[in-house]
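Here's a quick tour for anyone opening this one up for the first time. Have the sequence and the 3D view side by side, and let's walk through a few spots.

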Amino acid sequence: MIDPFLLKAALAGLLVAWVAAPLGCLVVWRRMAYFGDATGHAALLGVALAMSLSMPPIVGVVVVASAMALTITFATRGGFAADTMLGVFSHAALAIGLVAAAVLPGVRLNLMNTLLGDILTVSSQEIMWIAAGGAVILAVIAAAWRGLLNATLSPELMAAEGGSLLRDKLIFTLSLAVFVALAMKLVGILLITAMLILPAAAAAPLARSPERMVAIAALIGSASVLGGLWLSWEADTPAGPSIIVVASLVFVLSALRPHKN
Amino acid sequence: MPETPLIVAKDLTVKRGKRVLLDAVDFEILPGEALTLIGPNGAGKTTLIRALIGMVPFSGSLIRRKGLRLGYTPQKLPLEQLIPMPVDRFIALSGERNRIRRREMLARCGAADLQDSQMSTLSGGETQRVLLARALMRAPDLLILDEPTQGLDSPGEARFYQLLADIRAETGVAVFMVSHDLHMVMAQSDRVICLNQHICCSGTPGVVAEDPNYLQLFGPRAGIAPYQHHHHEHCDHD
């Protein structure tokens with residue numbers, strides 16, 4: 001007999017893995033892993049602020065992660081190399097979040113769970129949130145899919161064909177910010193980028209079209225969630241990191257697979 | 001009666017910070033003509049193209065004819081694409097849903113056998129043919145080509161220009177092209193604009209080739225030599 005809390009964890013984890021698949025593929029295609037990191041790290045400050053204002057943490061996370069993603073997208077031009085800027089934003093956000101969690105009044109935070117995830121205590125209400133938020137992200141991405149692919153291939157080509165780069169950036173950044181809020185419970189803010197890029201990176205050598213890559217990433221993500229939870233159950237390891245360990249193993253297997261060409 | 005120009009640019013100016021990339025550029029593109037943009041490195045050729053397709057903010061005016069359909073080919077797609085993308089799917093991303101029409105256009109551009117290839121495996125010449133097919137899929141009035149023959153060897157270049165000439169003859173599409181290749185420019189263009197932040201000179205290839213500003217930029221042998229590279233960085237004729 002499987003414990004109900006394990007079932008809940010598996011359901012929540014699968015939902016996150018499915019939403020992560022298309023977003024993670026876009027992050028990999030656009031080489032924006034650091035961008036995912038910075039957005040994820042901003043979530044800690046969001047949690048701390050929300051708690052100190054007695055608001056639901058998810059609201060704080062969506063607001064602060066969106067602010068971070070929009071700032072990086074629209075306010076950083078020139079001066080420094082992009083990876084330097086992202087490193088500055090990413091680590092500054094994490095440090096400010098840690099300091100805020102320590103000094104803001106009314107913040108009582110289990111830092112370990114926030115940083116590394118706490119999926120085994122997910123509630124039915126949280127699953128509803130994840131399902132609703134995930135459905136919105138998937139619907140928006142599906143509706144904008146052709147534009148997202150064109151902007152990934154060549155922003156110039158997209159602009160010339162009359163597409164809106166502003167719309168593309170808004171959809172991508174805001175979807176990522178909402179995803180951070182949904183995935184925090186599963187893998188914690190330190191490993192959110194891993195949940196995005198590992199299944200996508202493992203799927204890349206196996207796929208011959210963008211949609212196929214998303215589907216394979218969803219399968220690999222699902223397998224990682226179930227495998228990680230099983231590992232956590234059997235070996236008493238932390239659930240979030242265990243999921244990423246399994247995803248890493250799948251990535252290594254996929255990368256080592258003999259190539260046809 | 002003169003035809004309505006496809007694009008009229010007046011006083012087109014682009015700045016980045018305090019640097020002036022394009023300085024009060026005036027020009028127009030007429031229906032059906034082959035207009036070529038030349039100029040040394042850093043002259044603002046790519047900036048001008050980016051202004052035309054709406055990628056950079058500018059001051060001055062840039063008026064497109066009502067309902068103008070634009071086809072555009074970038075210099076190249078970003079190197080080492082990580083996205084798996086078969087050629088036929090890439091063409092379909094232009095919005096063309098009819099698989100037979102996509103296949104016909106690829107064949108028209110000499111890329112029929114590429115439709116199932118991955119974009120990332122194409123050579124420079126194959127990429128340009130596929131990009132051209134995608135641009136033509138939109139039945140454009142104006143094709144904007146950003147250095148389409150960059151990275152092609154001489155026979156590849158000649159084949160590309162021949163294809164372009166055939167397509168112009170069939171469809172009457174106007175072509176606005178950035179080129180480094182002065183010899184081809186002289187042979188294939190109706191008009192030439194020589195740019196170096198501002199317009200140094202413009203006119204038919206014969207007129208431009210005699211213009212002192214042009215000769216100062218590209219040297220007296222330009223246009224006579226069958227092929228040569230030019231590395232003049234400055235235009236100091238003011």
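First up is a pair of helices in chain A: helix 2 of chain A and helix 3 of chain A make a right-handed crossing. Keep in mind that this is a predicted model.

**Helix 2 meets helix 3 in chain A**

- Helix 2 of chain A covers residues 33–52 and helix 3 of chain A covers residues 57–75; their axes come within 7 Å and cross at roughly 140°.
- Because of that angle, helix 2 of chain A counts as oblique to helix 3 of chain A.
- On the helix 2 side of chain A, the residues making the contact include Phe35(A), Ala38(A), Ala42(A), Leu45(A), Gly46(A) and Leu49(A).
- Across from them, helix 3 of chain A brings in residues including Pro57(A), Gly60(A), Val64(A), Met68(A) and Ile72(A).
- What kinds of residues make up the contact of helix 2 of chain A with helix 3 of chain A? They split into 15 nonpolar and 4 polar, with no charged ones.

**Helix 1 meets helix 6 in chain A**

- The axes of helix 1 of chain A and helix 6 of chain A (residues 124–143) come within 10 Å and cross at roughly 20°.
- An angle under 35 degrees counts as roughly parallel, so that's the label for helix 1 of chain A against helix 6 of chain A.
- The crossing of helix 1 of chain A and helix 6 of chain A is left-handed.
- From helix 1 of chain A, the contact takes in Lys8(A), Leu11(A), Leu15(A), Trp18(A) and Pro22(A), among others.
- Helix 6 of chain A answers with residues including Ser124(A), Ile127(A), Gly134(A), Leu138(A) and Ile141(A).
- Sorted by class, the contact of helix 1 of chain A with helix 6 of chain A has 14 nonpolar, 2 polar and 1 charged residues.

**Aromatic pairs**

- How many aromatic pairs turn up over all chains? A search of the whole structure finds 6.
- One of them is Trp29(A) with Trp145(A), a tilted pair at 6.1 Å centre to centre, with 50° between the planes.
- Trp29(A) belongs to helix 1 of chain A (residues 4–29) and Trp145(A) to helix 7 of chain A (residues 145–153), so the pair ties together parts 116 residues apart in sequence.
- Trp29(A) and Trp145(A) are both buried.
- Over in chain B, the ring centres of Tyr214(B) and Phe218(B) are 5.2 Å apart and their planes sit at 35°, so this pair is tilted.
- Tyr214(B) and Phe218(B) share helix 8 of chain B (residues 212–218), where they are 4 residues apart, about one turn of the helix.
- Tyr214(B) is buried at a relative accessible area of 0%, and Phe218(B) counts as buried at 8%.

- Gly156(B) sits in helix 5 of chain B (residues 154–171).
- Is Gly156(B) buried or exposed? Its relative accessible area is 11%, so Gly156(B) is buried.
- Gly156(B) and Arg69(B) are 87 residues apart along the chain, and 28 Å separates their C-alpha atoms.
- Thr47(B) is found in helix 1 of chain B (residues 45–52).
- With a relative accessible area of 15%, Thr47(B) is buried too.
- Leaving out residues up to four places away in sequence, Thr47(B) touches Val14(B), Leu21(B), Leu22(B) and Val56(B).

Notes. Residues numbered from 1 in each chain as written. Chains lettered and ligands numbered in written order. Predicted model: local features only at pLDDT ≥ 70, side-chain atom pairs only at ≥ 80, totals over all residues. Heavy atoms only, no water. Axes fitted to C-alpha atoms, helices over the stretch in contact; angles between N-to-C directions. Helix = DSSP H or I, 4+ residues; strand = E, 2+ residues; numbered from the N terminus. Parallel < 35°, antiparallel > 145°, perpendicular 65-115°, else oblique. Left-handed = near helix turned anticlockwise from the far one by under 90°. Contact = heavy atoms within 4.5 Å. Nonpolar A, V, L, I, M, F, W, Y, C, P; charged D, E, K, R; others polar. Phe/Tyr/Trp six-rings, centres within 6.5 Å; stacked < 30°, edge-to-face > 60°. Buried < 20%, exposed > 50% of the residue type's maximum accessible area, 1.4 Å probe, protein only.
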